[in-house]
Amino acid sequence: VRDHIVSLYSQFSKSVIEPVASITVDDAVRGFDHILDRLLPQRMEEIRELTVPILEKHSEFKHVAQSFSSDEDMDEWIANDPDRNKLSEVLETRCYKLASLFVVESSDFESAIGNKSKSFLEFFSFTPGQVNKEYRYPLDGDVVRSRPFARINTKQYVIMDLYRAGFSPLYRFPQLFDTDRKKQQLRKRRDKLLELDAARYIGDVFQPSKSAESYYIPFGEKSELAERDLLLLRDSTLLIVESKAKPLRSIGRHQGNLVKIRDDIKATIKEGYEQACSVISYINDCNTTVPLLDKFGNVSLSIQKSEIERIIPIVFLDSCFGLFATDPTLWLSPEPSVGYPWIVDRDTFRTIALRINRPQQLTEFLEWRLGGHGRFNEADEATIAGYYVQHGPVPLPPGDVPVQLHESYDQVFDAEYFRSKGIDVEDPAVDENPVWSTMRREGDQLIYEIGGKEYDRLNIHTGVSHRDFVKDRK
């Protein structure tokens, strides 16, 4: 997150951010690094150290308590305890430190950002009772996402969202881009950065033998040069990647308006898919050699069509689109010769790449995944990928019945992340082969099956379970 914030906003620091915030992009990043990586861990360690003598005294008390014959014996032991006054002070100090764990003031940040501390806290803070008055939906723009510090008096602040605090600049800085020109500049920078990230992250896993970034192809009736984002070739598999940074509006902004939702998808996923299709069409129209061009029309890379056996279109997003991305069969009419694309956002891909991290593994996963479009009723691509990590490319149950996976499948990525940080966490335990349960209706009966065998049936009129009925008869 730190690198992404610096890459995205540094070029706007002097012109847009510093005149309003009185801090640089680097000040903001170092401020959050300080509180999350140093200040709070240091305070928690102090609390743990103060807890040790209290726990030791408690253990001592439990041992000697066995010899007490009355409450008077216990009171006498406590009154004569030589550590009593000292422990009282330790307990008082611990309680104070615990109560003030998340309370900060500008002096706490001076070692990290010097005299910018006050400006940092002011820029990323809010006054309780004066914000979120229009908050209506869980996914609305909660001000705490962009301003995680609550101002409680003229000197002190409380950090309200420890988990997301490091992401706050990604929500706060865009608010300073208050003209169409500034917004356009930020969109261009975000688009370019996403393209670079796609090449970096997908390329690190796929390890292509040939690649092209920001290449051109002739397009349209006049064969004008059209720029395309990324092409990666390895072992006869060609990935065509188009990156789209525009986010899906929140529920509060589109309020279920299908036209707004359609426009968001059209400007992102659909446009990226159509651009990928144009590349595939161009490849199909070529004879034996596929020339990729630079902006001047010169050949920058040539690929022999004989090198290509399969083509996989990918739309790479900057933010999560939920079920619109995981199941495009709900809204997209695919090109018959192309099929559906794989749609994934940057953060989810980086999560998946923790375990799907080899070229052949990624290719196998993508082929299996595209074959399952229209089957998975999942809004999180990581859950589907976690199923693949646990079981491999096993076939889904026959038929067109939608599949709902257990949400714990994505925990394989959590475990891998913690292991990368030196914390030994085991993968969640699962059966070697997946066990499917299904429910279907036949007349007045709901049939519940596990592993292809009927487990129970329920009469929808009486509410009587067949298994319960049999038990009652016995």
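In this predicted model, the second largest pocket has a lining of 28 residues. Those nearest its centre are Pro 397, Gln 404, Val 435, Trp 436 and Ser 437. The volume of this pocket comes out at about 690 Å³. Rolling a probe the size of a water molecule over the atoms is what shows where empty space is left.

As for the make-up of that lining, 15 of its residues are nonpolar, nine are polar and four are charged. Strand 12 gives the largest share, with four residues.

Elsewhere, there is an open sheet of four strands, with mixed pairing and the order 1-4-3-2. Strand 1 (103-105) and strand 2 (125-126) sit at the edges, each pairing on one side only. Helix 3 (residues 25-64) packs on this sheet and touches strand 1, strand 3 and strand 4. The direction of helix 3 makes about 125° with that of strand 1.

In general, strands of a sheet pair through backbone hydrogen bonds, and they can do so parallel or antiparallel. Here, strand 3 (residues 149-151) and strand 4 (residues 156-159) run antiparallel and are joined by three bridges.

Methods:
Residues are numbered from 1 along each chain as its sequence is written. This is a predicted model: local features need pLDDT of at least 70, side-chain atom pairs count only at pLDDT 80 or more; totals for chains, interfaces and linings use all residues. Side-chain values use heavy atoms; hydrogens and water are left out. On a 1 Å grid over the protein atoms alone, a cavity is a set of points where a 1.4 Å probe fits but cannot get out, and a pocket is an open set with protein on both sides within 12 Å along at least five of seven lines; lining residues have an atom within 4 Å of a point. Grid points are joined across faces, edges and corners, and a volume is the space filled by probe spheres set on the points. Helices (H or I, at least four residues) and strands (E, at least two) are DSSP runs, numbered from the N terminus. Ala, Val, Leu, Ile, Met, Phe, Trp, Tyr, Cys and Pro count as nonpolar, Asp, Glu, Lys and Arg as charged, and the others, Gly among them, as polar. Two strands pair if DSSP finds at least two bridges between them. Contact means heavy atoms within 4.5 Å. Axes are lines fitted to C-alpha atoms, for helices over the stretch in contact, and angles run from 0 to 180 degrees between N-to-C directions.
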